[in-house]
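Q: I would like to learn how to read a protein model step by step. Could we go through some features together, with the general idea before each case?

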Amino acid sequence: MPKTGARARAVSASALDAVHFALDRGSPVPLYYQLAQQLEAAIEHGELAPGNLLGNEIDLSNRLGLSRPTVRQAIQSLVDKGLLVRRRGVGTQVVHSQVKRPLELSSLYDDLAAAGQGPTTVVVRNEVLPAPADVAAALAVPEGSEVIHIERLRATHGQPVARLSNYLPPNLLDLSTPHLESTGLYTLFRTAGITLHSARQTIGARAATPEEAKLLEETPGAALLTMQRTAYDDTGRAVEYGTHIYRASRYAFDFQLLVRT
């Protein structure tokens, strides 16, 4: 046990050595908030990686010259965001960074891969079924006609991020389960020569049902982001209708807003 503790402190020191803290004691911004913001930025930029140990509150207090209550409040704010976790006998550990996804026509898989998040996929459903009314309307096909329904659980660093439910016209592309678990849906579109051109998308929020909470490793009633999207190819044909849910603790949309002149 002593060796384990010494190893944890060594890892903690080396991880924090990569982070430059600039705490302004004369600022009206509370010190705990300054520390929390700088730790969050270090996680987002990869200076602190998933699995890095930050030590316990006493170690951090001594290292940063802050009081234990200040450090505790900063750590708790990041624990609440799902960025850190407290482990008994080890200290505080980085879990992951929140996924911040640009609001553009791209796939979650591509965005996670580009951000170095190491996405993985488990196919929950891959079936042909009669199109319900909302799906038929989105894909511009007769109600009751056959459509392909795929449901996937997308994760990063072993932690679930989203449940993705997609409906597609039949015979559009190869949607075998091995392909769906090894790459993203939009990559399969590109491989099949289908060029996505535009999409209509609606974003919302609601509380997780018990079934959804279990699937996403959240508590029942936890906040979820929702997204409905119909994507069109360059001929104007609807090629995908998706209804997705995302863990709000792990996921955010990133907007750029411009003034209309």
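Q: How many residues has the largest nonpolar core, and which of them have the most contacts inside it?

A: In soluble globular proteins, nonpolar side chains tend to be buried together. In this predicted model, the largest nonpolar core has 21 residues, and those with the most contacts inside it are Phe21, Leu35, Leu39, Leu48, Leu54 and Leu84. Two or more residues of this core come from each of helix H2 (31-44), helix H3 (57-64) and helix H4 (68-80), and H2 gives the most, with five residues.

Q: What does Leu35 touch, leaving aside residues up to four places away in sequence?

A: Leu35 touches Phe21, Leu23, Leu64, Leu66, Val71 and Ala74. Apart from this core lies another, of 15 residues, among them Ile148, Ile150, Tyr186 and Ala231.

Q: How many aromatic pairs are there, and why is the pair of Tyr186 and Phe189 called tilted?

A: A pair of aromatic rings is described by the distance of the centres and the angle of the planes. The count here comes to three aromatic pairs. In the pair of Tyr186 and Phe189, the ring centres are 5.8 Å apart and the planes stand at 55°, so the pair is tilted. Both residues lie in helix H8 (residues 185-191), three residues apart, which is about one turn of the helix, and both Tyr186 and Phe189 are buried.

Q: Where in the chain is confidence lowest, and where is it highest?

A: The mean pLDDT of the chain is 81, with 80% of its residues reaching 70 or more. Confidence is lowest in helix H1 (residues 2-17), at a mean of 46, and highest in helix H6 (residues 133-139), at 94. Over residues 1-13 pLDDT stays under 50, and for these residues the model has eight contacts beyond four places in sequence.

Terms used: Residues numbered from 1 in each chain as written. Heavy atoms only, no water. pLDDT = per-residue confidence, 0-100. Helix = DSSP H or I, 4+ residues; strand = E, 2+ residues; numbered from the N terminus. Contact = heavy atoms within 4.5 Å. Phe/Tyr/Trp six-rings, centres within 6.5 Å; stacked < 30°, edge-to-face > 60°. Buried < 20%, exposed > 50% of the residue type's maximum accessible area, 1.4 Å probe, protein only. Core = buried A, V, L, I, M, F, W, Y, C linked by side-chain atoms within 4.5 Å.
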